[in-house]
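This report describes a complex of protein chains and DNA strands. Please look through the sequence and the structure before reading on.

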Number of protein chains: 2
Amino acid sequence: MTVADPMTLDERKASILRAVVEQYIHTAQPVGSQHVARASGVNVSSATVRNDMAALEQEGYLQQPHTSAGRVPTEKGYRFFVDSLVGPARLGSADSKHVRSFFANVHGELEELLNDTSHLLADLTRYAAVVVGPPHEAALVRSVQFVSLSERIVLLVVVLSNGAIEKHTLELEAPIDDAVLSVATTELTRQMLGLSVSAASAVAAPSDSSAGRLVEAAKRALLGGQSADSDQVFIGGASQVAGAFDAVATVSEVLRILEQQYVVVSLISDVLDRGLSVAIGTETGIAPLADCAVVVAPYEVAGETAGSIGVLGPSRMDYPQALAAVAVVSQRLGRRLTEG
Amino acid sequence: MTVADPMTLDERKASILRAVVEQYIHTAQPVGSQHVARASGVNVSSATVRNDMAALEQEGYLQQPHTSAGRVPTEKGYRFFVDSLVGPARLGSADSKHVRSFFANVHGELEELLNDTSHLLADLTRYAAVVVGPPHEAALVRSVQFVSLSERIVLLVVVLSNGAIEKHTLELEAPIDDAVLSVATTELTRQMLGLSVSAASAVAAPSDSSAGRLVEAAKRALLGGQSADSDQVFIGGASQVAGAFDAVATVSEVLRILEQQYVVVSLISDVLDRGLSVAIGTETGIAPLADCAVVVAPYEVAGETAGSIGVLGPSRMDYPQALAAVAVVSQRLGRRLTEG
DNA sequence: GCTGTCACTCGATGATACCGAGTGCCAATT
DNA sequence: AATTGGCACTCGGTATCATCGAGTGACAGC
């Protein structure tokens, strides 16, 4: 009885494929039938393995760098491997301890915490790590204030309920009086307090007083800035990518992607939106990441999805380890932010 | 008559050395006597060049990768080359235009401006660029405010005269009343307004009221946070280092250094403190940067040194170009911040 | 003091051979 | 029918060797 469903693999072929992927992940060398025959759970001869491997190649799970070399997983091969993982492996005990002590000792502002978390994740996985902070949009305004910096420059400071601060400089046509600033602060507070920034600043309330004009300018600034820096991104361990690839050109390309934070953010949210936790090669939708994979997870604060974390490494990534690390860190981070 | 002063070079030897450095900078290949003889301003035969090059090697300006190869500059050779540059070369006209249009069009907050500037500098030089923001210490307090985030968490927001904001979360033992927050805000404003953060928060004014305790906690937080995030650093074009070195190990090391922002900041301020604008190889005092060089410059806001910018590249860097770029950008940035 | 010349060095390049890991195929075995 | 052992074959990697050429150092002559 042969395989009817092309999407399903023979149990033995699946084992062989898994063995190939595992081997390749930590040797980075094409793997041959003998190694698989010896290493994998299945007890068959290398000849049998060869036959199955030829079939797996036919079906697109493996590929040969050149005739008479071992096999290397294709994107499809990695995908199968990842999908066939049952539960996320547990983290090594040393790593677990590392994570626990990190979250026990960390202190400081939200930004610092998120930034340190990205480094933690990079340390754990040895890949580049990304931490996307909670979007400001959801948070509520706790305080609004105009502060005069110089005669014609006013700083608008908005404190949000999650501890984040938005600020905008406003340049005025004419010098403004402190008393007017104070009136404007009171008025804007009345309009925005307790609402989200976007909701509050969308409501126009034109007025011809100088304070009123200031209030409107502030709302325009808040709406304008919104799209640009709405999400905070922290990237840790970019230096790890230098070790993950051997072609210096690839390193350069990947680093360039990491520098474009908006690309990284949209990549991660795309992946999460598709309901995945792993995207491999072209699944990322970013051409220069053809040899890369990302592992992502959201984190929840007080039961609500607040942000996301992820790692970016080569497609021959240690998926079990990365999945475990990402899962643990996202969970701990969420817990920490919920309590904190 | 031979050279008496070992620090001074024959005019011809100097020309030859300069020619070697220039050649090497843009070919990355050991340069031979023939090329120098043909290219350099001096009109002598290759044999003469050979003799001088042998002498230059003796004196430590050049070195041979192996017998019967061309010469490569040593650190001392680069140093001579840099010191012998007269005025900073002017930027190419395309680059000049780029800089002008950048500063004409840029908008947004200080942080964004500095960050964008680091990318500008990286684009211009094709090396990694660093922009160090104005230290918060010098700025004066324009506004202080306690904002309640939740029952026992209070956010301290300090607005400084340069438009920067410092914030600190304070966790309280017991819930606190809004009225008390308001009193504390007033009191802290009275104590700090118009002073520098460090000066103002150093003065202890113990009090036993709950508002008083909050004020003291705030000052402790401000003093504590001071050392950590006193300077803001923006790094642009880290991906450029991948192209600048061929050994992937070097790339990795350099990136690791760039990730440690405090190292980068102290490197730059060290160099400036020593009155230099270029540090080459071991002059940086950082072992992994043995094959690197940095070019730095301070920028002035309203006549006062406010911060600094720099580029980090291989020791075979295009110094004239880098010096020109750094000079122009620092000057434009200073002007922009002075006007802005 | 410069130059032309010559012998020498040594990495880079290319041809050649060989080794070995790995494959595909097939006949034999279970 | 599936598995296995055996065998011929492929092909990258490594080692050896000769050659080439850019480059040097030295020295005699201008």
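Two residues are in contact if their C-beta atoms, placed from the backbone, lie within 7 Å. Helices (H or I, at least four residues) and strands (E, at least two residues) are DSSP runs, numbered from the N terminus. This is a predicted model, in which local features need pLDDT of at least 70 and side-chain atom pairs count only at pLDDT 80 or more, while totals for chains, interfaces and linings use all residues. Residues are numbered from 1 along each chain as its sequence is written, and chains are lettered from A and ligands numbered from 1 in the order in which they are written.

Two packed helices are described by the angle between their axes and the distance between the axes. Axes are lines fitted to C-alpha atoms, for helices over the stretch in contact, and angles run from 0 to 180 degrees between N-to-C directions.

| Helix pair | Angle | Axes |
|---|---|---|
| H6(B) (110–125) and H13(B) (319–339) | about 155° | 10 Å apart |
| H1(B) (11–27) and H3(B) | roughly 85° | within 10 Å |

Angles under 35 degrees count as roughly parallel, over 145 as roughly antiparallel, 65 to 115 as roughly perpendicular and the rest as oblique. With axes at about 155°, H6(B) is therefore roughly antiparallel to H13(B). In this contact, Thr117(B), Leu120(B), Leu121(B), Leu124(B) and Thr125(B) of H6(B) meet Gln321(B), Ala322(B), Ala325(B), Val329(B) and Leu333(B) of H13(B). Seven of these residues are nonpolar, three are polar and none is charged. For these classes, Ala, Val, Leu, Ile, Met, Phe, Trp, Tyr, Cys and Pro count as nonpolar, Asp, Glu, Lys and Arg as charged, and the others, Gly among them, as polar.

The axes of H1(B) and H3(B) cross at roughly 85°, so H1(B) is roughly perpendicular to H3(B). H1(B) contributes Arg12(B), Lys13(B), Ile16(B) and Leu17(B), and H3(B) contributes Val49(B), Asp52(B), Met53(B), Ala55(B) and Leu56(B). This contact has six nonpolar, no polar and three charged residues.

**The surfaces near DNA**

DNA strand D is surrounded by 20 residues, of which Val44(A), Thr48(A), Ser68(A), Gly32(B) and Ser33(B) are the closest. H3(B) gives the most to this surface, with four residues. Around DNA strand C there are also 20 residues, and Gly32(A), Ser33(A), Val44(B), Thr48(B) and Ser68(B) come nearest. Here the largest share, four residues, comes from H3(A). The surface near DNA strand D has six nonpolar, twelve polar and two charged residues, and the surface near DNA strand C has six nonpolar, twelve polar and two charged residues.

**Contact between the chains**

Chain A and chain B each bring 25 residues to their contact. On the side of chain B, H11(B) supplies the largest share, six residues. This side consists of eleven nonpolar, eight polar and six charged residues.

**A sheet in chain A**

Two strands pair if DSSP finds at least two bridges between them. In chain A, five strands form an open antiparallel sheet in the order E7-E3-E10-E9-E8. Its edge strands, E7(A) (233–236) and E8(A) (278–280), each pair on one side only. Direction ignored, neighbouring strands are turned by 15° against each other on average. E8(A) and E9(A) (292–301) pair over three bridges in the antiparallel sense, and Ala279(A) has Val294(A) as its bridge partner in E9(A).

Notes:
Near = placed C-beta within 6 Å.
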